[in-house]
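Here are my notes on the model, as numbered points. Please read them with the structure open.

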Amino acid sequence: MEISQLNSMLIRLSPSEERYRRGERYDWEREHRRVSLDGRSVFRIEQSGTVDRSYRELEITQTDCPPLLGSLSLRRNSRFNPVPEHVHENIEISYVYAGNCPQVIDGHPVTLRENQVLLLDTNCPHAIGELGEGDIMMSLVLNRDFLRSSLLGTFTHESILSQFFVNALNDETDHNRYVRFHAQRSRRVRRYFQEIMCEYFDPSNNADRVLLNLLQLLFAELISVYEEDYVKRDENHGAISVIPIIRYIEKHYRTCTQESVAEHFAVSPNYVTVLLKRHTGMTYVQAVQAQRLGHAASMLRNTGRTIDDIAREVGYENQSFFYRKFRAQYGMNPAAYRAQHQPAS
């Protein structure tokens with residue numbers, strides 16, 4: 001499927017949208033059951049059968065879907081048909097492909113703009129306002145375990161910054177029930193979503209691998225968008241952001257000390273650890289250790305360098321100490337880790 005074909009498909013009104021535009025309304029009371037949540041009555045929308053088609057369009061109809069396609073769903077929200085407050089049993093990722101989308105999320109009014117993304121946790125109550133003909137919002141629904149292990153989990157050992165953002169995203173969805181990504185200036189978010197939609201609605205023979213890689217690229221970009229939001233939020237509150245400190249440590253982890261980091265950011269050495277501990281759960285020494293080991297793991301996966309060379313490269317002169325720390329972090333010695341992560345021949 002080409003992008004032009006995708007655009008034509010998304011713009012075209014479905015038969016149900018034609019009826020909604022003429023004034024017909026969907027009978028939510030008849031088709032969905034209500035549940036009590038936090039003292040109020042909301043609809044529960046199941047992720048199976050014809051129930052979910054009540055306000056979603058363009059559902060994939062292949063009966064021989066690859067496994068990954070069967071574990072997620074991607075649909076366009078119906079236009080001209082407001083959706084009352086409801087909850088889902090899975091994670092929902094909303095993406096505004098065109099126009100705007102007014103919502104009320106856990107009691108808070110939010111208007112998603114074009115190219116913005118919203119991650120809704122399971123059982124997060126939300127309502128969707130009526131979309132006009134030029135408003136196109138896609139909803140990607142997936143299992144929470146899949147999100148955290150196959151998508152977010154791939155970033156946790158790459159760097160302390162990646163681990164920090166994954167923990168922050170998990171913490172926000174645990175406490176706030178949703179995360180909004182102000183991705184309107186990101187060209188990659190749009191491109192990745194376009195490719196995801198093309199592969200989903202017109203799957204290739206290798207659709208599973210393609211979709212998984214595209215979803216991982218999408219979340220890598222969303223993490224970058226979240227970083228910008230996080231730094232701005234700190235600046236607006238007059239706080240010192242931990243992000244530049246983490247980036248500095250990631251770049252200079254072989255040679256920097258707690259004192260040199262503190263001097264660079266004009267704070268006390270003790271405050272460096274206070275910030276790191278508050279936002280990452282790690283002390284300065286633990287953060288440097290995590291960065292060294294993460295870089296070592298990357299080289300074990302992607303290069304043929306000897307283990308001793310890799311240990312020295314990341315700053316370990318004592319080989320036995322490196323082996324001990326690596327095993328503590330990854331549950332196996334470096335040789336076993338390399339063997340496990342070698343590409344299949």
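1. Start with the charged cluster. A network of salt bridges links Asp 38, Arg 40, Glu 85, Asp 106 and Arg 177. A salt bridge here is a side-chain nitrogen of Lys or Arg within 4 Å of a carboxyl oxygen of Asp or Glu. The structure holds 18 of them.

2. On the source: this is a predicted model, in which local features need pLDDT of at least 70 and side-chain atom pairs count only at pLDDT 80 or more, while totals for chains, interfaces and linings use all residues. Residues are numbered from 1 along each chain as its sequence is written, and side-chain values use heavy atoms, with hydrogens and water left out.

3. Helices (H or I, at least four residues) and strands (E, at least two) are DSSP runs, numbered from the N terminus. Arg 177 is partly exposed, at 22% relative accessible area. Asp 106 is partly exposed too, at 23%. The classes are buried (under 20% relative accessible area), exposed (over 50%) and partly exposed (in between), with a 1.4 Å probe and protein chains only.

4. Asp 106 also belongs to a turn. β7 and β8 form a hairpin with two residues between them, and Asp 106 in that turn has a positive phi of about 50 degrees. The two strands run antiparallel and are joined by five bridges. Strands count as paired if DSSP finds at least two bridges between them. Ile 105 has His 108 of β8 as its bridge partner.

5. The covered face of β7 carries Cys 101, Gln 103 and Ile 105; Pro 102 and Val 104 are on the uncovered one. In a regular strand the side chains alternate between the two faces of the sheet.

6. Two further salt bridges deserve a look. Arg 19 pairs with Glu 24, their closest N and O atoms 3.3 Å apart. Arg 19 is partly exposed at 32%, and Glu 24 is partly exposed at 38%. Glu 31 pairs with Arg 30 at 3.1 Å. Arg 30 is exposed at 63%, whereas Glu 31 is partly exposed at 35%.

7. Which side of helix α1 (residues 3–11) is buried? Leu 6, Met 9 and Leu 10 are the buried residues. They cover an arc of only 95 degrees around the axis, which puts them on the same side of α1. The arc is taken from the directions from the helix axis to the C-beta atoms. Ser 4 and Ile 11, on the other side, are exposed. The buried residues pack against β4 (72–77), β6 (91–98), β11 (136–142) and α7 (187–201).

8. The largest nonpolar core has 82 residues, and Ile 93, Leu 142, Phe 181 and Met 197 have the most contacts inside it. Its largest share, eleven residues, comes from helix α8 (residues 207–236). A nonpolar core is a set of buried Ala, Val, Leu, Ile, Met, Phe, Trp, Tyr and Cys residues joined through side-chain atoms within 4.5 Å. Apart from this core lies another, of 16 residues, including Ile 45, Val 110, Leu 120 and Tyr 178.

Terms used
Contact means heavy atoms within 4.5 Å.
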